[in-house]
Structure formats: structure tokens, C-alpha cells
Amino acid sequence: MARRRLHEFVRALRGAGVRISPAEAEEAMRAAALVGYGDKNRFRETLALTLVKSEEERPDFDRCFETFFRFEDQQPGEQGPAEDAAEPATPTPPDAEGLSPQAAELAAQSDTQLEQSLAQAAAEIDFTAMQVITQQGLFARRLLMNMGMGAVDDEILRLDASQRPGDGERAEALRDWRGRVRERAMAHVRRQYDLHGRAHGRALREHSMQAAPFRELREFQQVQVLVRRMARRLARSHQRRQKKARRGELDARRTLADSLRYNAVPVHLHWRQRRRTRAKVLVVCDVSSSVRDAARFLLQFLYAMTDVLPRVRSFAFAARFDEVTEDFERYPPDVAVGRILDRVSGSGTDYGTMFKELEEACRGDIDQNTTLIILGDARNNDLPAGERHLADIARRARQVFWLNPEPPSRWNSGDAIMARYLPYCRAARRCGSLNDLSRFTDELLRGLN
Amino acid sequence: MKTRIDSVDDVMLSFARQGYICDQRTALAVYLAAQLHKPVLVEGPPGVGKTELAKAAAAFLEAPLIRLQCYEGLDESRALYEWKYGKQLLYTQLLRDKLSGTLADTDSLEESMRRLGDLGEAFYSDTFLEPRPLLRALRADEPVVLLIDEIDKADQEFEAFLLELLSDFQISIPELGTVRARHQPLVFLTSNDQRELSDALKRRCLHLYIPYPDAPLERRILAERVPELDEQLRDQLVDFIQHLREQDMKKLPAVSETLDWARALVLLHADSLEPELVEQTLTLVLKNEQDAELARELLPHWFRARRAR
């Protein structure tokens, strides 16, 4: 019993985004058995020690724990959780007289007893099978049946059909009572759905978030969390690669040459060390209304990986052109974007002037270690393209990437002039969703380290 | 080593007796680690007593403490074992005559090779083996407490290398084969969160996070470690430190700084926190000039608020 409950708890935790391996779950069982279930605080800390592997996950764990072990909280004789305002009102037991024994027994139960039979009935149901929100009704029904409410249903039907005076009112009262018990059951099922069903729904939602166009992402609430997590995952995998590349291999030529001094004994080994270039990244983002969303996510992505990309300078332009590095370093992305928009927004993007100003602003910063990333739709409002400046920058920099939020078929339609800039870019990619963004960043880091 | 630990309270009591005051979570971690034979990964800001925890655990279990300090570039030859090259060279020089004697009466090449081969084994034996902390912990005659300090400073490769030790308490040495622990050591790893540790490592450990202590706990720690300090002054001091921790500072004062400061105040025969005194001794608590400046600005407000209370 306890094992099954714990397994369900582990599943609920996984649903909340905490990663737990089977071995860790097993460990938690052993630990819990060792410490015992008596002291709730101690029990919680035991599970936390074995299941939670970073302090960031701790709040998720605490929330899950509170929701999951609610029933266990209630000692016999103790009042139900009074502080929970959402809890349906206490059902007043109806008059049990003249009912079938089963129904009478249920109807005669005190509030606490009722809560306990609910908990018992709930323990027999595997709520982890609940995946979509519409299944809640079905599960509530199953829960009530497990409690033996079927007998009450029969009684209501019988009283309705009966001709005896007063039976009609009694059926009504019983129906009322049943309704309130059902509300309770629903509340419980809702909590279980929060624990288990949500996880499934969330995986689905994240999947669609990653593929959704940036414009639609604003409708999702969890997108900040997801972006941060994607960026962290990417950063972690590249951190490994970076360290690995640092290890040199044996430099046979130098070792042999040096060994001649010692009668061909290789006393000093020389290692070929890959010179670690300090990659510099310059990002220029078009923040006019059509591209703004993509810009926000790109910058957020890049600044979430400061440990693998230590030197990022960013610029934004719409009507004006300005450096925004500091805004992103000092403020959370949402605030930073707001500040930037205040400064540079306006209509009429002019790429030609932007490239000229960029060249002036970081003349000393563009060398063979510099990667320039341009994010924009290349809609130049029929102004001079100014590709000469981009050509100058591209010649001095290591590489230029262009990210365009629009599909390639529209890169040259209307006032868009991607074709004029493309010759100077190492690659141009479509960047319309988080998936695109993640793929590009991966490619970028692979090339840089 | 003490083999039986009765309960979590047992751990807590013993720690308190040694002057290591901790909350229930920390004691629980030590208890579970000892019972389940799992390493503990201790994280938390610097100066909250992560290393002290390992020392206290060693004292509690009456086991010797073996410590491995990690740093960038730490490798197996520093952490696990190394051959005593110098001794090997010296021995070959000294034994040269003996060697030619041994080989004198052989007439075939194979025979000499065989004899040399027997000898070779001798050169890679315990005599020439220099055990480093990890190997010492595995081969100790009694169970030990092994402290791997600041694992986040070591490279990723070293972390991967530790995995075998942490899950099976054994380590493979090419020349000697697999060395299994005679007695399973109790392992503590500490990390200051300089870089993220791998999931594989975290999975093998219990995870304990020690935050800055809250006011009651910090008062208890102070009372235990600096009993000479006047009680009223202690409350003031803790109150001030807790106030500082709420600020946006480069380096927040940790428990060790609180203790240092308390000891200094005792030496100065202070009996209450006065603005002047705080200003003069502030550098004991705040190690960064900008932080100290911020604190100086905060000081008058804090004194006023306190007086008002």
C-alpha cells in the first residue's frame, strides 16, 4: 500500500518536471521505510533528500507533496481542512431512517468518517491513468461507486417511485446530500488531475509550444520556463564539449625534436593544445513589430547561456539603433524588452543605416573571432540596401549568420531584400519557432567551440 | 567506527555536543547516508558549514576523516594513486648488479625475458604504490569518512571518474585490477555551485542543501560557539546579520563571518552594537568594499528601526 502510494507520488513529481530515475525511487522507498511515516516533516525531508537533486526543484516538490499527501494529514477525530475555502460545504447527513442498511451506513457517517471513506475509495483507484481534463467526471463517478454510493442511488429511485407521503421530500433531501458528496469527490479528483493529468497535458503543450510560431507564444504562460530550460539543456551539452576540446593530443613533432637532447629519450612530452579562441558574438535584432517576438526569444536564449557564451554584445534597431547589452544583463528579459522598445521603437526600419552605424559602433570589436548574428526580415522600406557596409563587416569578421522569422519563400517578396545581403552571410536560416531557435543555437555553439 | 546509529535525534544530539548546531534536515541526511550507504552531495553558499558537517560526522562516527580538495586539473594521479617513480628508478640502479647476476646463467633470450618478467611484477607492487586520498579511503582498515571538497571545481572528466567509486565503492586501476572498499566509507561531496554537476553524479547521491541559517538557528550556533558573548548583544548581532542577508550584495556574510565578528566583539569588550563600533569592525563581516559601503548606508536606518521597536 505504502509502496504504491509512493510510486504514485514519484509519478506525480515526474509530472511536475522533477527528473527521477527508478533507482532513486527505490532509494526513497528504503529511506522512507527506515525513517517511518509518523512525523510528517521528517517524512517530507526524507523524500526530499532522496528525490530532489537540486534546490531549484524544491518548490515543485513541496507543492506536490502538499497536494498529494492531503488525506494522510487528517487524523481520525480531527476536523477537515477548514482553511481551504474552495472545499465544498460539509454535507449534513440526511435522515437515515428506513433506508437500506448500506445506504443508511453511508448516510449516517460523520464528516470526518465520510472523508475517510472517500480516501479509502480513492486509494483503490489508479489516478495516474487520468490524462485529459474531460476524464474527471468518469473518475469521480468511479470514486463514488467505490464508496458504495450505488446503494444511495437505488434508495433515491425507490423513494421517488414510492407513494407513501413524505417519501418525495426524503428523496429530495437524499439527492441533495448526494450532490454535496459528489462535489467533494470532484474536488478530490480535480486535485488528482492537477498531479497526474497535468503532466501529460504539459508534455503535449510543451511540444506544441516548441513548434509554434513566436507570435502565438505569448498566449502560453509557461513559455518563459520552457525557454530557460531549453537554453540550460543546450548550454549543458556544450559545456561538456568545450571541456573536451580543450584536452590536447600528443604533439609528436615537438616531442621528437626535444628528445634529441636526451639521447632520443622523450623526457618532455609536448601536447598539441587547441588554442581556445575567445568567441565574440554580436547580435543585431530588428525590433520592429513584425520581428519583435523572435528578437525577444533569441536574446533570452543567448543570455541564458552566459557560461558557454561569455561575450555577447547585442544591439537593437527599429527607427533608431542602440546597444542593449546592459539591459539584458541587468533586467529580466521582459523588462529588458520593454526598456529597449521605449528607446528604439518607431516605424521604418533602415538596414543600410543600421549596418553603417554598427560598423562605427564596434569597429574595434570585429575581428576573426567575431560572429555576427542578424535577426530581421530584411524589409528595408525601399531605402538603399547599404550592403557595402555588411560586406565590410563580413570581410573582417569570422562569420555572419542571418536569421529570418519569415519562410524563405517570402524573403524577397515586397520590400524584403534578403538576396542583396545573402552573399555576405555564411548561412541564413528561418527562425520562426523555439525549435528553429534551439537548432540554430546548437549549430552556432558547435561551430564556436 | 560506530556501527549503530539509533535515530536521527542521536545524530543531532551528538552534533550538538561537538558544537555543530544543525537543523533536522542535515541530521536526517547523515542518518540516511550512513544507513543506506549513499554519498551525500552537500550544496549551499560558502561559509555555511558544509566542510564542518563532514568533520562533525567523522567525530560522531568515531572514524578518521580523509579529505580530497578538488581543483581544476585534478587527475587520477593526485586523487587516486601514483607510482613512486623515483623509488623505482633508484631501485633499478641499486639492483643493477644483482640483475646482471640473475641473468648471468641464462643462455637463451626467452629465459632472460621470463626472469625479467617475474621481476617486473615486483616493480608494480604495493612497495612502489603511492596511495592518494581515494585509494586510502578504500583500503583503510576501518571505515572512514571521505570528504571530497568543492567537487564543482574539478573537471567534468574527474566527476565521471568518481561515478564508479560513488555507486559501487570500488575503483579500477589498470596495473592492479579492481580495488574494492574493505569497509564502505561515508562519502560527503561539497559544491559551491560554480558549475552544474552532471545528472549521473547527482543521481548517485542524497542531495542536501544547507541555506543560510534562520535567526533562531544562528542564535543557537552563536551561543554554542561564542558563549562569552553577551546575550543581548548576540540578539542584536544576529538581527543585523540577518538584515544584511536580505540585501543585494556581492558576497553575503556567512556563519563563519558571524562567528568571526562575535569573537572580535568579545575581544573588544563590547556590550552593545554602537554605530561607531559596527563601522570599525564591518570589514570582518563584509569582504567586499562595495558591500561594506552599502552596509554603512544602511546602518543608520537599521539603528533607527531597531530603537523604534
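1. A word on terms before the strands come up: two strands count as paired if DSSP finds at least two bridges between them. With that in hand, take B:V42, whose bridge partner in β8(B) is B:T190. The strands concerned are β1 (residues 40-43) and β8 (residues 186-191) of chain B, which pair in the parallel sense over four bridges.

2. Please keep in mind that this is a predicted model. Its scores are ipTM 0.83 and pTM 0.66. For chain B the mean pLDDT is 86, and 98% of the residues of chain B reach 70 or more.

3. Back to the strands, now as a sheet. Chain B has an open sheet of five strands, in the order β2-β5-β8-β1-β9 and with parallel pairing. At the edges are β2 (65-69) and β9 of chain B, each of which pairs on one side only. From one strand to the next, the twist averages 20 degrees.

4. Next, the nonpolar cores. The largest one has 95 residues, and B:A57, B:V145 and B:F188 touch the most other members. The element that gives the most to this core is α2(B), with eight residues. Apart from this core lies another, of 63 residues, including A:L282, A:I374, A:W402 and A:L403. In soluble globular proteins, nonpolar side chains tend to be buried together.

5. What does B:V145 contact, leaving aside its neighbours within four places in sequence? The partners are B:A54, B:A57, B:A58, B:L61, B:A63, B:L65, B:P185, B:L186 and B:F188. Two of these, B:A57 and B:F188, are named with B:V145 as touching the most other members of the largest core.

6. Now for the place where the chains meet. Here 19 residues of chain B are in contact with 18 residues of chain A. On the chain B side, the elements that give two or more residues are α2 (24-36), α10 (199-203) and β9 (206-209). The largest share of that side, seven residues, comes from α2(B). By class, the side of chain B that touches chain A has eight nonpolar, four polar and seven charged residues.

7. Two residues deserve a look at their backbone angles. Most residues other than glycine have a negative phi. B:E150, however, has a phi near 55 degrees, a positive value, and B:F169 has a positive phi of about 50 degrees although it is not a glycine. B:E150 is in the loop between β5 (145-149) and α9 (156-168) of chain B, while B:F169 is in the loop between α9 and β6 (170-173) of chain B.

8. Are these two buried or exposed? B:F169 counts as buried because it has 20 C-beta neighbours inside 10 Å, and 20 or more is the cut-off. B:E150 has 19 other C-beta atoms within 10 Å, so it is partly exposed.

9. B:S7 lies in the segment before α1 (8-17) of chain B. With 12 C-beta neighbours inside 10 Å, B:S7 counts as exposed. B:S7 and B:Y31 are 24 residues apart in sequence, and their C-alpha atoms are 7.2 Å apart in space.

10. Finally, chain A. Chain A has 20 helices and eight strands. Of its 449 residues, 33% count as buried. Among contacts in chain A between residues at least 6 apart in sequence, 72% join residues at least 24 apart.

Conventions:
Residues numbered from 1 in each chain as written. Chains lettered and ligands numbered in written order. Predicted model: local features only at pLDDT ≥ 70, side-chain atom pairs only at ≥ 80, totals over all residues. Contact = placed C-beta atoms within 7 Å. Nonpolar A, V, L, I, M, F, W, Y, C, P; charged D, E, K, R; others polar. Core = buried A, V, L, I, M, F, W, Y, C linked by C-beta atoms within 7 Å. Axes fitted to C-alpha atoms, helices over the stretch in contact; angles between N-to-C directions. pLDDT = per-residue confidence, 0-100.
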